[in-house]
Structure formats: structure tokens, C-alpha cells
Amino acid sequence: MYYPDGSKYIYSRQSEIDDIINIGWLSHEFAFNKGEVNTDIKNKILEIIYLKKCNVMRGIYKCDFCKSEISVPHHSGKILLGHAEIWIPSISSNLIYASPTLIYHYIDKHHYLPPANYMESLMSFDLNSK
Ligand SMILES: [Zn+2]
């Protein structure tokens with residue numbers, strides 16, 4: 001499932017919604033930004049996946065690069081990626097960023113570098129929010 005970073009989110013909806021933006025829906029067929037992402041950000045994403053994942057699906061998406069199902073170690077045991085999303089409110093606008101849970105793996109193993117505003121918004125996201 002590929003969407004360019006910054007495109008409008010339509011995946012689980014009937015029509016496009018202006019204020020939800022795709023981040024991290026990568027494909028091996030399209031180039032993406034690469035770079036180092038610090039451990040705090042990676043850990044925060046994993047906690048958000050653990051506590052706040054949404055739009056859970058029946059099927060599992062495989063990593064488009066590894067061609068396999070991905071699970072990662074976590075203090076709760078293991079977290080399976082590829083069957084849910086995380087939604088992060090932007091710190092600087094009314095936008096919401098929608099990402100597949102595989103974004104963690106894309107960052108950790110494939111050196112994906114999300115937009116700076118996305119990472120700032122992640123770090124300020126309140127895990128205790130409703
Ligand atoms: Zn992979």
C-alpha cells in the first residue's frame with residue numbers, strides 16, 4: 001500500500017479528507033527520504049503503536065522491502081506490525097498524520113526519514129490522550 005508523504009488520506013474512507021495526511025506508506029517502487037532517526041523517536045513510535053494503534057485490520061501487510069511479516073521486540077512481548085495505523089496530530093496545524101504501523105520498521109531497518117514536523121509532532125504526542 002503506497003501513498004506519497006503529504007498526500008491526503010483516503011485508505012479506510014469513502015472520500016478524501018482534507019485534514020488527514022499520509023506519512024510513511026512506502027513502496028520499493030518509489031524513492032523515499034533516508035537518514036538517521038534517533039532512538040527516542042523510534043521508542044516513542046513503538047509506544048504509540050502499543051498503546052494507541054487504530055484502524056486495526058484482519059489481514060497483515062508485509063514489509064514491501066523484506067517481503068515478510070514483521071514483528072519487533074517490546075517490553076510487552078512482541079509487537080506485530082502491518083495490521084493497524086497510528087494517527088498523530090500535528091503540533092503546528094490542524095492536520096493529522098496517518099501512518100501504517102510498519103513505519104517503525106521502515107525507519108528502523110530501511111532508514112526512512114519522515115518529515116521533520118512529523119517527528120516533532122510524534123515527540124510531543126501525549127500517550128495519555130484519549
Ligand atoms: Zn523490511
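Predicted model: local features only at pLDDT ≥ 70, side-chain atom pairs only at ≥ 80, totals over all residues.
Among contacts in the chain between residues at least 6 apart in sequence, what percentage join residues at least 24 apart? The figure is 65%, where two residues are in contact if their C-beta atoms, placed from the backbone, lie within 7 Å.

Residues are numbered from 1 along each chain as its sequence is written.

As to the overall fold, the chain has three helices and five strands, arranged along the sequence as β-α-β-β-β-β-α-α; these are DSSP runs numbered from the N terminus, helices being H or I of at least four residues and strands E of at least two. The radius of gyration, taken over C-alpha atoms, is 14 Å, close to the 14 Å that the globule rule gives for 130 residues, so the chain is as compact as a globular protein of that length; that rule is 2.2 Å times the number of residues to the power 0.38. Along the principal axes, the C-alpha trace spans about 35 × 35 × 30 Å.

Let me turn to a pair of helices. Helix α1, residues 39–52, packs with helix α2, residues 103–110, at an angle of about 155 degrees and with the axes 10 Å apart, the axes being lines fitted to C-alpha atoms over the stretch in contact, and angles running from 0 to 180 degrees between N-to-C directions. The two helices are therefore roughly antiparallel, a label given to angles over 145 degrees. On the α1 side the contact is made by Lys42, Ile45, Leu46 and Ile49, and on the α2 side by Ile103, Tyr104, Ile107 and Asp108.

Staying with α2, Ile103, Tyr104, His105, Tyr106 and Ile107 are buried, meaning that 20 or more other C-beta atoms lie within 10 Å of the residue's own, again with C-beta atoms placed from the backbone. The buried residues of α2 pack against α1, β2 (71–74) and β5 (96–100). Across the chain, buried residues make up 28% of the 130 residues.

Within α2 sits His105, which counts as buried because it has 22 C-beta neighbours inside 10 Å. Leaving aside neighbours within four places in sequence, His105 is in contact with Cys63, Ile70, Val72 and Leu81. Just after α2, finally, His111 takes a positive phi of about 60 degrees.

Definitions and conventions
Parallel < 35°, antiparallel > 145°, perpendicular 65-115°, else oblique. Buried ≥ 20, exposed ≤ 12 C-beta atoms within 10 Å, placed from the backbone.
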